[in-house]
Amino acid sequence: MRPGALPRLRRDILLLIALAALYLGVSRMVENSYYLLMLTLVPIWAVVGLSWNLFSGYVGLISFGHAVFFGLGAYSVALTMNWWDLTPWLGIAIGAVVGAAAAVFIGMPTFRLRGHYFALSMLAFPLVLLYVFQYLGYQEVSLPMKREDPLLWLQFTDPWGYIVVAVALVAIAMGISMAVENSRFGLTLMAIRQNELAAEASGIDAWRWKMRALVLSGAIAAAAGGFYACILLVVTPEAVFGVLTSAQALTVVLFGGVGTVWGPLIGSAILIPLAETLHAELGNIIPGIQGVVYGLAIILIMLLAPEGIFWTVRDRWLRGQVAPAPALRAADADADAGAARAEPLVPPAPHTAAPLLEVEGLSKSFGGLRAVDDVSFHVAPGEILGIIGPNGAGKTTLFNVLNGVLPADAGHAWLAGEPITGRKLHAICRLGVGRTFQVVRSFPRLSLLDNVLIGAYGAGLTGEAATAAAAEALERVGLLHQAAQPAGQLTNKGLRLMELARALAGRPRLLLLDETLAGLGHEECDEVLEVLRRLRAEGMTIVIIEHTMHAMLRLADRFVVLDHGKVLAEGAPRAVVEDRSVIEAYLGKKWLARCST
Ligand SMILES: Nc1ncnc2c1ncn2[C@@H]1O[C@H](COP(=O)(O)OP(=O)(O)OP(=O)(O)O)[C@@H](O)[C@H]1O
């Protein structure tokens with residue numbers, strides 16, 4: 001569980017129980033059968049919305065095709081009842097398994113796609129299944145009437161029975177969503193949504209987590225579809241695989257609030273009654289009025305509250321309130337973690353003459369441009385190596401190849417003898433390569449502590465051990481007192497130190513720092529240098545790209561100079577900055593004049 005999650009979870013569960021009791025109480029008083037049906041549909045669409053939110057809301061990949069899971073669930077119940085006389089309870093369970101399996105098949109080819117390409121590809125799956133089920137002759141599958149045992153066959157004479165089951169279903173889906181949101185799972189998904197590359201560079205296997213989210217989401221949507229079949233008693237491809245089904249799932253979440261358990265509930269509670277009531281009153285005059293309601297809802301929400309009602313209301317509520325007190329002290333977290341965290345945050349430098357990082361003949365081209373050209377160097381344990389060179393020399397590309405953001409065209413690199421080239425970004429991080437970026441990659445909506453926790457999770461830590469590692473990393477960079485602050489509110493210095501802490505929480509053996517001092521004032525620069533020196537004193541090995549030469553001269557043990565992708569010079573800092581070729585290619589005549597005075 002995430003730090004500080006328990007009180008929030010308790011409060012949310014109590015609120016959920018109160019709302020469920022209120023809903024059941026109010027619906028008990030309703031007698032009109034159409035409105036009873038509407039009151040059954042509200043929780044069902046909330047469940048579908050929750051399932052959509054579990055994937056698209058947290059991961060950030062918009063799905064236009066959740067009808068595929070819903071439809072498979074509906075057909076699972078209808079067909080298993082017809083073929084094998086199975087109770088819908090079993091049919092719903094089978095549907096959930098089918099939905100989860102479908103998620104794996106859908107996720108495998110589509111996770112390569114980004115943004116609207118992913119969204120459009122998802123649209124194809126329910127459309128394909130719609131025609132497949134029509135072709136197979138399942139245009140209209142009725143559920144056999146079984147009135148003898150209403151609870152077993154989910155065929156109630158009192159329509160309120162359906163509402164009770166629907167509320168139970170939404171409570172389960174909410175429980176699952178709350179558990180996800182307050183756990184490592186949810187935090188990891190939110191990090192992937194806010195900055196996938198940063199999450200990967202922190203050791204998170206984004207593909208695997210996305211797949212887990214889609215499997216869970218598919219299973220829940222299918223369960224909702226299964227119960228929907230029990231209410232309608234007839235399943236047709238258009239009703240369950242149709243575009244309106246996916247649109248409804250998406251709309252209730254966008255309207256209520258994306259990335260929160262309450263969003264789908266709010267969206268469903270407002271939009272379903274609105275659409276159904278208008279349909280009942282005006283359906284004869286304006287056929288398809290529901291589609292109009294959902295379309296208008298999307299337009300309105302995009303204009304007035306783009307993140308949904310929940311976030312707009314919450315942000316207004318919180319505006320002007322004082323930021324919460326610091327979440328924890330590192331010492332407390334350490335005590336909590338007990339024996340769970342045995343390894344130190346900065347591993348002692350090995351007593352060996354062998355290099356920690358070896359790079360041999362590394363090359364990377366973009367079309368005809370050789371950004372990194374046959375680069376070789378090594379870094380000793382505990383050393384700080386400065387990579388310098390003019391703009392466009394290939395420094396960042398070198399880092400990108402070293403930590404797996406880009407594949408190398410040629411050459412190899414080893415970390416403590418283990419090959420790292422050819423491995424994936426998160427795998428290289430797990431081997432012990434921590435990275436910060438030239439343009440800071442934070443998770444802006446998450447607190448500082450949560451940002452750094454991602455680094456600990458990426459290293460495979462969980463629970464108290466992860467919290468302790470994150471708190472210790474924040475303490476090392478001097479940010480523990482701001483642990484509860486959202487990263488989006490940090491200054492440039494704060495963000496750069498946060499990235500450093502996130503890399504440290506993953507217990508790296510080697511840190512790759514890309515222009516960590518960029519944009520900092522003199523005093524801020526000194527503060528960050530002090531943090532880096534302390535890390536070096538503890539044995540951390542660092543490779544740092546930096547243009548601020550006066551800082552580099554005070555920090556680095558050795559320089560490698562890159563120019564046009566090639567190593568131009570290498571050696572002790574003083575010798576390198578007095579090298580004529582380096583002065584001509586990078587430092588300039590002003591530097592020479594300054595050195596000679
Ligand atoms: N994804 C890319 N696609 C095409 N060209 C790229 C890409 N990334 C970098 N380049 C080019 O490769 C060269 C090296 O870029 P790189 O960012 O590695 O240089 P750098 O030394 O880090 O520069 P700076 O000091 O300005 O950050 C540049 O000419 C750049 O335009």
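The following legends describe close-up views of a predicted model.

**Figure 1. Overall architecture of the predicted protein.** The secondary structure comprises 25 helices and 12 strands. Taken along the principal axes, the C-alpha atoms occupy a box of roughly 95 × 50 × 45 Å. Of the 597 residues, 50% count as buried. Among contacts with a sequence separation of 6 or more, 74% involve residues 24 or more positions apart.

**Figure 2. The shell around the ligand.** The residues that surround the ligand are F366, L369, A371, G389, N391, G392, A393, G394, K395, T396, T397 and Q438. Classified by side chain, this shell consists of 4 nonpolar, 7 polar and 1 charged residues. At least two shell residues come from each of strand β4 (369–379) and helix α17 (395–402). The most is given by α17, with 3 residues.

Figure 3. The buried residues are K395, T396, T397, L398, F399, N400, V401 and L402. After the helix comes G404, which has a positive phi near 90°.

**Figure 4. The open sheet containing β3 and β4.** Four strands form an open sheet in the order β4-β3-β6-β7, with antiparallel pairing. The edge positions belong to β4 and β7 (418–419), each of which has a single partner strand, so one side of each is left without a neighbour in the sheet. Strand β3 (residues 357–366) pairs with β4 in the antiparallel sense over 7 bridges, and L362 has V375 of β4 as its bridge partner. These two strands form a hairpin with 2 residues between them, and G367 in the turn has a positive phi of about 60°. Strand β3 is also joined by 5 bridges to strand β6 (residues 410–415), again running antiparallel. In that pairing, S363 stands opposite A410 in β6.

Figure 5. Strand β11 (residues 558–563) is mostly covered, with 5 of its 6 residues buried. Its pairing with strand β5 (residues 384–388) is parallel and spans 4 bridges; here L385 has R558 of β11 as its bridge partner. By contrast, β11 and strand β12 (residues 566–571) run antiparallel and are joined by 5 bridges. The bridge partner of V560 in β12 is E570. In the hairpin of β11 and β12, 2 residues lie between the strands, and H564 takes a positive phi near 50°.

**Figure 6. The largest nonpolar core.** This core has 188 residues, of which A224, A470, L474 and A501 touch the most other members. Helix α10 (residues 206–232) gives the most to the core, with 16 residues. When residues up to four places away in sequence are not counted, A470 touches L449, V452, L453, A456 and A505.

**Figure 7. Helix α3 and the residue that follows.** Helix α3 (residues 67–84) contains 18 residues and reaches 25 Å from its first C-alpha to its last, close to the 26 Å expected at 1.5 Å a residue. The helix is mostly covered, since 15 of its 18 residues are buried. Just after α3, D85 takes a positive phi of about 60°.

Figure 8. T110 belongs to helix α4 (residues 88–110). With 21 other C-beta atoms within 10 Å, T110 is classed as buried, because the criterion for burial is 20 or more such atoms. Leaving aside neighbours within four places in sequence, the contacts of T110 are F118, S121 and M122. A separation of 39 Å lies between the C-alpha atoms of T110 and L517, which are 407 residues apart along the chain.

Methods:
Residues numbered from 1 in each chain as written. Predicted model: local features only at pLDDT ≥ 70, side-chain atom pairs only at ≥ 80, totals over all residues. Near = placed C-beta within 6 Å. Nonpolar A, V, L, I, M, F, W, Y, C, P; charged D, E, K, R; others polar. Expected span 1.5 Å × (residues − 1). Buried ≥ 20, exposed ≤ 12 C-beta atoms within 10 Å, placed from the backbone. Core = buried A, V, L, I, M, F, W, Y, C linked by C-beta atoms within 7 Å. Contact = placed C-beta atoms within 7 Å. Pairing = 2+ DSSP bridges.
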